[in-house]
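Please look over the model below before reading my notes.

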Amino acid sequence: MTPRALGAERFVPPSEDLGRLREASETCEGCDLFRDATQTVFGTGPENARLVLVGEQPGDDEDKTGRPFTGPSGGLLDRALDQAGIDRDDAYVTNAVKHFKFAQLQEGGRRIHKKPTRGETTACRPWLIAELNAVRPELVVALGATAAQSLMGPEFRVTTQRGIVHDLEFDGLDESTSLLATVHPSSVLRLRDSERKAAFAEMLVDLRKAAEFIGAEQHH
Ligand code: SF4
């Protein structure tokens, strides 16, 4: 019988060293998602980043490269950050869930992204909290509902609460910080051409608020 997943907690070392955390995450078996994925996709970016971007989970490309946001949604995110005046290299980029969840229609066939369950997101949250404790950012930008709900609770609605700076306090989070939510870049990519432009522009409005917030903090 498969043992019941207990979450990542027992795999997370008591460390604020991102290198150590990343290494430990490679052998995480905190939920069943490690079984079929290629590798753990841990966050990347400077340890003193003032901004942390949190997506949902790695996709097909990220599962292969081992780095977050390297696929098509990463391309869209790069464009959006660039236009919002945020340098991606200055941000720490990660996901709420560190293993790719997918369905494979046939042997060797294309792998289709599957949304992680709340149980899987909860199981993986200790890694996200450990990353936040290591980086101690001024602002967390949650890209999409999975990331936002992982940190703000299941009642959080991106549709109505996006683009606003919220206080982020969490059990296990050493220092309170702030959070702003926007949509996930893949949700923009999934739209029809006629709707995509407006959705991208709305995402930009949110990201510019994030850039403004960070800029304002810098001048305090
Ligand atoms: S998804 Fe997260 S909790 Fe589940 S095995 Fe991977 S790293 Fe561990």
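The points run from the whole chain to the spaces in it, and then to single residues.

1. **Basis.** This is a predicted model, with local features needing pLDDT of at least 70, side-chain atom pairs counting only at pLDDT 80 or more, and totals for chains, interfaces and linings using all residues. Residues are numbered from 1 along each chain as its sequence is written, and side-chain values use heavy atoms, with hydrogens and water left out.

2. **Overall form.** The protein has eight helices and seven strands. Both are DSSP runs numbered from the N terminus: helices are H or I with at least four residues, strands are E with at least two. The radius of gyration is 17 Å, which agrees with the value near 17 Å for a compact globule of 220 residues. That radius is taken over C-alpha atoms, and the globule rule is 2.2 Å times the number of residues to the power 0.38. Along the principal axes, the C-alpha trace spans about 55 × 45 × 30 Å.

3. Of the 220 residues, 52% are buried. Buried means under 20% relative accessible area, exposed means over 50%, and partly exposed lies in between (1.4 Å probe, protein chains only). Among contacts with a separation of 6 or more, 72% join residues 24 or more positions apart. A contact is a pair of heavy atoms within 4.5 Å. The accessible surface is about 11400 Å², and carbon and sulfur atoms hold 47% of it. These areas come from the Shrake-Rupley method with a 1.4 Å probe; for residues, only the protein chains shown count as cover.

4. **The largest pocket.** How much space lies in the largest pocket? The volume is about 620 Å³. Of its 29 lining residues, S73, H113, H184, S186 and R190 are the closest to the centre. The elements that give two or more residues to the lining are α2 (60-65), α3 (72-84), β4 (111-113), α5 (145-152) and α7 (185-189). The lining divides into 10 nonpolar, 11 polar and eight charged residues. Here Ala, Val, Leu, Ile, Met, Phe, Trp, Tyr, Cys and Pro count as nonpolar, Asp, Glu, Lys and Arg as charged, and the others, Gly among them, as polar.

5. **How spaces are defined.** On a 1 Å grid over the protein atoms alone, a cavity is a set of points where a 1.4 Å probe fits but cannot get out; a pocket is an open set with protein on both sides within 12 Å along at least five of seven lines; lining residues have an atom within 4 Å of a point. Grid points are joined across faces, edges and corners, and a volume is the space filled by probe spheres set on the points.

6. **The cavity.** The whole structure has one cavity of 30 Å³ or more. The largest cavity holds about 90 Å³. Its lining has 14 residues, and C28, G30, C31, H99 and C124 are the closest to its centre. By class, the lining has nine nonpolar, three polar and two charged residues.

7. **Helix α5.** Which residues of α5 are buried? They are T146, A147, A148, S150 and L151. These buried residues pack against β1 (51-55), α4 (118-135), β5 (139-143), α6 (158-161), β6 and β7 (177-182). G153 follows α5 and has a positive phi, near 100°.

8. **H166.** This residue lies in strand β6 (residues 166-168). H166 is buried, at 14% relative accessible area. Beyond its neighbours within four places in sequence, H166 contacts M152, F156, Q161, T177, S178 and L179.

9. **D206.** Helix α8 (residues 193-218) holds D206. Is D206 buried or exposed? D206 is buried, with a relative accessible area of 4%. Not counting residues up to four places away, D206 touches R162, G163, L180, A181 and T182.

10. **F102.** Strand β3 (residues 102-104) includes F102. F102 is buried, at 16% relative accessible area. Leaving aside neighbours within four places, its contacts are D36, A37, R111, I112, H113 and K114.

11. F69 has phi near 55°. F69 sits in the loop between α2 and α3 and is buried, at 5% relative accessibility. R136 has a positive phi of about 50°. R136 is in the loop between α4 and β5 and is partly exposed, at 35%.
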